[in-house]
Amino acid sequence: MASVTSLAATVHQRVADALSAALPEAGSADPLLRRSDRADFQANGMLALAKKLKGNPRELAGKVVDAIGADGVLKEIEVSGPGFLNITVADEAIIKTLAGRAADDRLGVPYAAGAGTTVIDYAQPNVAKEMHVGHLRSAVIGAAMVEILEFTGEKVVRRHHIGDWGTQFGMLIQFLIEHPHELDHKGESGGEVSGEEAMSNLNRLYKASRALFDSDEEFKERARRRVVDLQAGDEETLALWRRFVDESKIYFYSVFDKLDMKIHDPDVVGESGYNDMLEETCRLLEESGVAVRSEGALCVFFDDVKGPDGNPVPLIVKKSNGGYGYAATDLSAIRDRVQNLSADTLLYVVDARQSLHFKMVFETARRAGWLNDGTEAVQLAFGTVLGKDGKPFKTREGETVRLVDLLDEAIERATAVVREKNNEKINLTEEEIVENGTQIGIGAVKYADLSTSASRDYKFDLDQMVSLNGDTSVYLQYAYARIRSIIRRAGEARPVAHPELELAPAERAMGLHLDQFGETLAEVAESYEPHKLAAYLYGLASLFTTFYDQCQVVSADNPAEVVENRLFLCDLTARTLHQGMALLGIRTPERL
């Protein structure tokens with residue numbers, strides 16, 4: 001693997017060196033380089049420097065230009081306005097840099113310096129409950145951050161903190177004891193049970209047990225005693241609890257499979273996985289004075305967290321009846337992840353509505369010394385999925401939308417688009433239409449989520465999501481497929497870089513954007529903002545569209561080296577789209 005220094009980094013270093021040479025009294029000043037619509041780059045650092053040195057910014061900028069000198073990287077530098085430097089890079093430098101990227105499997109993207117271990121907590125459904133639209137964002141955003149961080153060199157440990165413990169299991173287990181065949185099944189064809197069938201069994205059992213719990217006081221009392229047995233570790237009760245967990249996993253995994261996400265069993269560590277740590281967590285908090293007793297409950301108080309009445313609102317770690325709150329589980333998970341998994345960073349992909357809870361949990365862990373200067377906890381908070389009306393996404397009947405129904409509809413719509421666009425020229429088989437429809441439908445759902453800043457709500461509009469126009473995954477997938485088609489039709493011509501050629505404006509614009517891939521990924525990995533990668537890829541696809549309109553690639557009128565160079569730019573664009581989309585968890589069909 002050979003990392004490639006980006007043109008932005010090269011230009012930044014050249015200008016910084018010139019600054020130091022021309023103005024030694026400035027020390028190591030930052031040239032404040034950025035992309036510009038007036039040239040390739042603009043350096044604005046002269047203005048602040050002139051103020052500091054009490055000089056004329058245009059004169060200082062002129063001295064820097066004189067100190068830079070000519071070479072093969074910089075084509076032109078001019079002083080503009082009050083003292084800006086407008087910098088144009090040589091065409092040769094663009095193609096040589098891109099050739100370096102093309103020669104590397106990783107497209108020249110370096111591994112991050114000082115990479116550590118990040119534990120990502122994402123995709124956390126509840127046992128014996130159906131997954132709904134509210135489970136979508138944690139799964140999609142979390143999976144993308146796993147891929148991006150791993151690609152940049154971070155060691156990532158996945159954790160799926162499923163809801164697999166609580167008082168509702170007393171009701172479910174007691175009902176199963178009294179109706180022992182309710183979870184029996186052989187699958188629709190006598191083989192393994194499907195995820196849909198598993199959920200159907202669980203739904204039926206949940207509704208029946210809830211109806212009995214609400215109507216029969218004697219059953220309610222037996223169910224409550226069963227909770228005590230479960231928490232005490234009674235073997236029969238635990239065995240039946242495991243059946244519920246296993247049945248739910250069949251369903252979970254089928255939904256994640258439809259989402260084109262791989263969930264590994266060892267990474268599923270639910271609330272129950274920390275049961276043995278809860279008492280010790282509470283003891284350590286109380287002995288250290290971090291938590292105190294209040295009205296019989298073990299609580300942690302915060303000066304800046306108060307209720308509407310002005311009284312402090314505590315984090316309840318242990319209830320007055322001896323039961324443990326969610327905080328005890330979350331704090332035990334932090335201890336485990338820091339002490340046993342050696343995490344440097346804990347990343348929680350969790351709904352923004354839980355922000356106060358996690359703020360209190362993280363602060364408690366810091367006070368207890370479980371989080372310190374070498375370990376940080378971050379909530380990647382996400383907003384709500386809304387319907388077209390701008391209200392939380394519901395069915396016409398006002399029910400929460402089942403996630404599997406939403407995914408099926410996306411696939412159905414996308415498949416219809418693929419079938420409509422199919423013609424004799426493309427000539428997709430029915431199998432290819434179905435496969436592409438699935439990849440486009442799931443990609444559309446993921447991209448709509450990932451192209452929005454995680455903290456913002458977004459409207460779920462399938463008509464827009466599967467559109468070929470605008471900022472959609474379909475637009476990106478069609479750009480990729482178009483490039484693959486161009487390369488297939490090129491015959492004997494092959495992608496070859498020709499640094500000696502002069503580039504057309506559309507070629508330059510696309511080339512400079514291609515060079516920003518590594519820097520974009522570094523920024524996304526550092527800030528946990530996958531929407532910036534989506535925006536980069538949409539920008540690349542848009543620049544390709546302009547290039548395609550303005551620059552004929554395969555043409556008898558073009559010299560062979562022009563054809564090869566344009567094929568080279570096309571090929572690198574396709575590879576960058578493919579890699580970037582893969583990091584977002586979206587597939588790129590070869591033919592559309």
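**View 1. Strands β10 and β11 pair side by side in the parallel sense.** This close-up comes from a predicted model. Strand β10 covers residues 345-351. Seven bridges link β10 to β11. Look for V349: its opposite number in β11 is L380.

**View 2. Four strands form an open sheet.** Read across the sheet and the order is β6-β5-β10-β11. The pairing is parallel. Which strands stand at the edges? They are β6 (155-159) and β11 (376-382). Each has a single partner strand, so one side of each is left without a neighbour in the sheet. From one strand to the next, the twist averages 20°.

View 3. Two packed helices are described by the angle between their axes and the distance between the axes. From α5, the contact uses A144, E147, I148 and F151. From α20, it uses Q579, A582 and L583. Sorted by class, the contact has five nonpolar residues, one polar and one charged.

**View 4. Helices α18 and α19 cross at roughly 160°.** Helix α18 holds residues 517-527, and helix α19 holds residues 531-550. Their axes come within 8 Å. Are the two helices roughly parallel or roughly antiparallel? The crossing angle makes α18 roughly antiparallel to α19. The crossing is right-handed. On α18, the contact residues are F517, T520, L521, E523, V524 and S527. On α19, they are K532, L533 and Y536. By class, this contact has five nonpolar, two polar and two charged residues.

**View 5. Two tryptophan rings, W165 and W241, meet edge-to-face.** The structure holds 11 aromatic pairs, and here is one of them. The ring centres of W165 and W241 are 5.2 Å apart. Their planes are at 85°, so the pair is edge-to-face. Where do the two residues lie? W165 is in the loop between β6 and α6 (168-178), while W241 is in helix α9 (residues 235-258). The pair therefore ties together parts that are 76 residues apart in sequence.

Conventions. Residues are numbered from 1 along each chain as its sequence is written. This is a predicted model: local features need pLDDT of at least 70, side-chain atom pairs count only at pLDDT 80 or more; totals for chains, interfaces and linings use all residues. Side-chain values use heavy atoms; hydrogens and water are left out. Axes are lines fitted to C-alpha atoms, for helices over the stretch in contact, and angles run from 0 to 180 degrees between N-to-C directions. Angles under 35 degrees count as roughly parallel, over 145 as roughly antiparallel, 65 to 115 as roughly perpendicular and the rest as oblique. A crossing is left-handed if the near helix is turned anticlockwise from the far one by less than a right angle, and right-handed if clockwise. Contact means heavy atoms within 4.5 Å. Ala, Val, Leu, Ile, Met, Phe, Trp, Tyr, Cys and Pro count as nonpolar, Asp, Glu, Lys and Arg as charged, and the others, Gly among them, as polar. Two strands pair if DSSP finds at least two bridges between them. Rings of Phe, Tyr and Trp (its six-membered ring) pair if their centres lie within 6.5 Å; planes under 30 degrees apart count as stacked, over 60 as edge-to-face and the rest as tilted.
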